[in-house]
Amino acid sequence: MTKLKLTQLLAAIPNKSAQPTHALSLTFQAGQMWGILGPNGVGKTTLLHTLAALKAPALGTIELNDQPITELHRLKLAQQIGIMFQEHQDGFPASVLETVLLGRFPHLSPWEMESEQDLALAYSALERLDLAEFAQRALNSLSGGERQRAALAALMAQTPDVWLVDEPTNHLDLHYQVAVMGLLAEQASMEKVVVMSLHDVNVAAQWCSHVLLLYPDRPPIWGKAASLLTQQNLEPLYRQKLAMTELNGKPLFVPIA
Amino acid sequence: MCVSMLSVVFAITQGSVNLSPYAVWQALLGQGSGLNQTLVLELRLPRVMAAFATGGLLAVAGALMQILLRNPLADPYVLGISGGASVAALAAILLGISGVLMSGMAFLGAVLSTLLVFGLSARLGNTATMRLLLTGVVIAAGWGALITLMLALAPPHKIPGMLYWLMGDLSYASTPWLAWLVLVPTCLILMPLGRSLNVLARGPLQAAALGVNVKSLERFVFLLASLLTAIAVTTAGSVGFVGLVIPHMLRMVLGNDQRLILPASALAGGCLVTLADTLARTVIAPEQLPVGVITALLGVPTFLYLLQRGRL
């Protein structure tokens, strides 16, 4: 069973001094769906990059299945931990299929060409995200939402055990917001670890099993979504007065102007 | 995939035979007399080989620089490597040094410039390619000023030689073997690295997330591209345009898979410079034109045509 264990972890946020009392000690378990919530600039993205070993933490350690991630070879790590970025970098022009196939990179040795199986994985990821007809299109000719789905398809083709997703619902219309969250929930149900940052607290309330709340000025809290997503916890998080109602047994928060 | 790659490579090789200097090849194959054989084997062949290798080196170096800097305007000279070589070579001409010694100085100049740029911007990584680019461009500008200064102060009878060197000139290219010795292993080394470079072309963060050791790959690419450029410049002076345009042309035709683009660049770059040098030798024979002028005159319209038609 995959698990990602954080011990006294403090992400290195630029221009902010690390406060040891804000350290994180928790374990993301297989089958759980974690939402990281917090105001703008609190370090949600930085934390995800740190979890993916793209950034060294200011303090503490991260272990993947009891092995510190710093001791794992980068390629081995990429076979197990995948991340989707919030901002999609514009490299050289490439087709959607080429982009999704890059997800197979960690699984291939230098001399290997992509096999039938890799292609099949890429195509099934494209189909899962309704992008099959876009396979040969240039990535930069897609809309923001379509690019977001292409990035998710690439992550899906990577078949990681730990899914780190930075704002999965960005740019997506309501239909695809539901489709994408459904896809992530499906991965969690297949015993993957799913950790995502979210700006929409209602998406977290509806989909996440666990949440991590990052406060700018006090220690973070984490635990089951059902018990932590309360007005009492969220109002200081966003420094915003909220009204709460319920829909199908899940809380629904609305900001009050 | 593999078959298509081989076929493209094969097709371009065929093209190069058709394109390359007809007279030279005919002479090469249909020679009888001993005198002509010496002429071809000792004069023409080394020069053609040097031209091909120079073009190949420059095109591969250009393709690498474009990936490294993720900037389509990058060419092998953008980071000032040829500037360093030029200053050293012009100094050699001014001091009356020629031949192998001049080539050696040009090479040292290129290496010096590379180390200077690298030392000043050693922290490659996420945002640091911009730093590398700026450092390189500024150092190139510095070399440019020195070159102008040397030209202004040079005695008149040395100026034509200096200008020819600056525009690229293969008539002193006596040792093509060094260039080949670098070009062939480079192409072999780059084959397994092609996919890593594909990933790097999508941005350093994405590459790192997919398991590429970005820092060491970037260092390797920078030093390799610099070495290729230094050898090319040493062999033939600063032949412009090849390194910028060949990779782009190939991308328009072949897409952006580095496993295809890099070896294809070596072949297409070689073809272009071989052809250009043949024209340079023959158009106003027995006088010679600088080969860099021809590469640009051939390349500009072809490139513009592809750009109009293509998908850049």
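Select strand 7 of chain A, residues 162-166. Keep in mind that the model is predicted. Is this strand enclosed or open to the outside? 5 of its 5 residues are buried, so strand 7 is largely enclosed by the rest of the structure. A residue counts as buried here if 20 or more other C-beta atoms lie within 10 Å of its own.

Now show the side chains of strand 7. Which residues of strand 7 of chain A lie on each side? Val162(A), Leu164(A) and Asp166(A) are on one side. Trp163(A) and Val165(A) are on the other. Both faces are covered.

**The neighbours of strand 7**

Strands 6 and 7 of chain A run parallel and are joined by 4 bridges. Pick out Gly82(A): its bridge partner in strand 7 is Trp163(A).

Click on Val165(A) and look across to Met196(A), its bridge partner in strand 8.

**The whole sheet**

Zoom out to the sheet in chain A. It is an open sheet of 6 strands, in the order 6-7-8-3-9-10, with mixed pairing. On average, neighbouring strands are turned by 15° against each other, direction ignored.

Strand 9 of chain A, residues 210-213, is joined to strand 10 of chain A by 4 bridges, and the two run antiparallel. Leu213(A) stands opposite Ile221(A) of strand 10 here.

**Over to chain B**

Select chain B and colour it by secondary structure. How many helices and strands does chain B have? There are 13 helices and 0 strands. Of the 312 residues in chain B, 50% are buried. Among contacts in chain B with a separation of 6 or more, 77% are between residues 24 or more positions apart.

Last stop: the contact between the chains. Chain B brings 19 residues and chain A brings 20 residues. On the chain B side, helix 8 (176-200) and helix 9 (204-209) are the elements that give two or more residues. Helix 8 of chain B gives the most, with 5 residues. By class, this side of chain B has 10 nonpolar, 6 polar and 3 charged residues.

Notes. Residues are numbered from 1 along each chain as its sequence is written. Chains are lettered from A and ligands numbered from 1 in the order in which they are written. This is a predicted model: local features need pLDDT of at least 70, side-chain atom pairs count only at pLDDT 80 or more; totals for chains, interfaces and linings use all residues. Two residues are in contact if their C-beta atoms, placed from the backbone, lie within 7 Å. Ala, Val, Leu, Ile, Met, Phe, Trp, Tyr, Cys and Pro count as nonpolar, Asp, Glu, Lys and Arg as charged, and the others, Gly among them, as polar. A residue is buried if 20 or more other C-beta atoms lie within 10 Å of its own, exposed if 12 or fewer, and partly exposed in between; C-beta atoms are placed from the backbone. Two strands pair if DSSP finds at least two bridges between them. Axes are lines fitted to C-alpha atoms, for helices over the stretch in contact, and angles run from 0 to 180 degrees between N-to-C directions.
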